[in-house]
Amino acid sequence: MMPDHAANPLVPFLTVTNWVRAANLCSVPILQIFQDEGLDTRTLHPETTRIHLQTLRRIMSRCVEAARSAQSGRYFPIVLGESFAFEYLSDIETFITTSATLREAIRALDWISALVSPYMRLSLAEHGPQARLVLSFDTEEPPSTSTGYFAEAIFATIMKFSRILLGAQALFGHVTFQHPGHADAGQCEVAFQVPVHHGAPLHALWFERSLLDQPLRGAFPSLHEQAARRVEERIASQAAAANQARTDAAQALVQQIEHLFTTRAHLLGQGIEALACELNLHARTLQRRLQEVGESHSAVQARVRYRLAQAWLRGSAQSIDAISQRLGFTDRRSFTQAFTRWSGQTPSAFRQLQD
């Protein structure tokens, strides 16, 4: 059985150009790594390419190891974060750089999550004189060095833009990461220029709360509002397209299930697990996809059973007991009850009317 796609979803690869840029700076053979991981490099494009989350994690780990092997003197996640640019998200960059305060600018973090990584969450927490930006990932995996690399890259990007907004003024007081320390931990501290602590309860950037409402010199209200409107329209359009794609896929799945039940009637009596295995899905994934279009395994099963029962009662000499068995019922009585519920008459009565 294939892995559950909920645990290994496809995510946008809008940042592919940044990966190539960082790889060049770190002497990493990124083209070879992409090809080894099954990416079609001939059609690779930031606005259209989607990549499995587990594949992206493997690419990150390989880039880190390749940079170390090349002795480039650079730590790949930090370089990736610092070289980040909004080539395909220019409205978000406009929104951030024209914000009146950091509190306003932080609103863009939700948009970045939606457009770049739906499985990443950045939230602001305020406690007394202190505030923190907390990063979390919507996965069931425990904290690991692999996900930690992404946390380091994301925080490096936030650091970069905080310097653009605040100039020489330092924003963050310290940084914490959930994953354990590693061979390049010292480079994180050099890059962030503040104390860095690994093995902590949270991925978080800690700073003085008063900075959130400090006026920024780059405030430009009209550009700011226009950029916000365009980003929200883009997210809404993307969400609508994603919902339609999920609906289309779920409807196609229903048709596939009906075809399987019709051509392999033995599956009708074997439960959702057997059907899911036939479709190379986990049972919970199959249930979720059917629910997206208001369907269920039992509803599709009943619909096909009724259709097949009608056809076999009408056009074959099979006994009612044999039809009941072929349809996966435990006995003739169960079949009779179901058919009566569907049609308002017993199988025997239905057959007699066809003569």
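## Helix pair H15 and H16

The helices H15 and H16 are therefore roughly perpendicular to each other (65 to 115 degrees; under 35 is roughly parallel, over 145 roughly antiparallel, the rest oblique). H15 covers residues 332-343 and H16 residues 347-354; they pack at an angle of about 65°, with their axes 9 Å apart. Axes are lines fitted to C-alpha atoms, for helices over the stretch in contact, with angles from 0 to 180 degrees between N-to-C directions. Helices (H or I, at least four residues) and strands (E, at least two) are DSSP runs numbered from the N terminus.

Arg332, Phe335, Thr336 and Phe339 of H15 meet Pro347, Ser348 and Phe350 of H16 (contact: heavy atoms within 4.5 Å). By class, this contact has four nonpolar, two polar and one charged residues. Nonpolar means Ala, Val, Leu, Ile, Met, Phe, Trp, Tyr, Cys and Pro; charged means Asp, Glu, Lys and Arg; the others, Gly among them, are polar.

## Basis of the model

The model is predicted: local features need pLDDT of at least 70, side-chain atom pairs count only at pLDDT 80 or more, and totals for chains, interfaces and linings use all residues. Residues are numbered from 1 along each chain as its sequence is written, and side-chain values use heavy atoms, leaving out hydrogens and water.

## The five-stranded sheet

An open sheet of five strands has the order S3-S4-S7-S5-S6, with mixed pairing (two strands pair if DSSP finds at least two bridges between them). Strands S3 (120-127) and S6 (196-197) are at the edges with a single partner strand each, so one side of each has no neighbour in the sheet.

S3 and S4 pair in the antiparallel sense over eight bridges, and His127 has Gln130 in S4 as its bridge partner. These two strands form a hairpin with two residues between them, and Gly128 in the turn has a positive phi of about 60°. S4 also pairs with S7 in the antiparallel sense, over six bridges; here the bridge partner of Gln130 is Glu208 in S7. S5 (residues 172-176) and S6 run parallel and are joined by two bridges, with Val175 partnered by Val196 in S6. Helix H8 (residues 145-166) lies across S3, S4 (130-137), S5 and S7 (203-208), running at about 140° to S4.

## Cavities

The structure holds three cavities of 30 Å³ or more. On a 1 Å grid over the protein atoms alone, a cavity is a set of points where a 1.4 Å probe fits but cannot get out; a pocket is an open set with protein on both sides within 12 Å along at least five of seven lines, and lining residues have an atom within 4 Å of a point.

The largest cavity has a volume of about 760 Å³ (the space filled by probe spheres set on the points, which are joined across faces, edges and corners). It is lined by 41 residues, and Ile112, Met120, Leu122, Ile154 and Thr157 are the closest to its centre. H8 gives the most to this lining, with nine residues. The lining of the largest cavity divides into 33 nonpolar, seven polar and one charged.

The second largest cavity has a volume of about 50 Å³. Its lining includes Leu14, Asn18, Phe84, Glu87 and Val116.

## Largest pocket

The largest pocket holds about 1100 Å³ of space. Of its 32 lining residues, Leu10, Arg50, Tyr119, Ala242 and Arg246 lie nearest its centre. H10 (221-263) is one of the elements that supply at least two lining residues, and H10 gives the most, with eleven. The lining of the largest pocket has 18 nonpolar, seven polar and seven charged residues.
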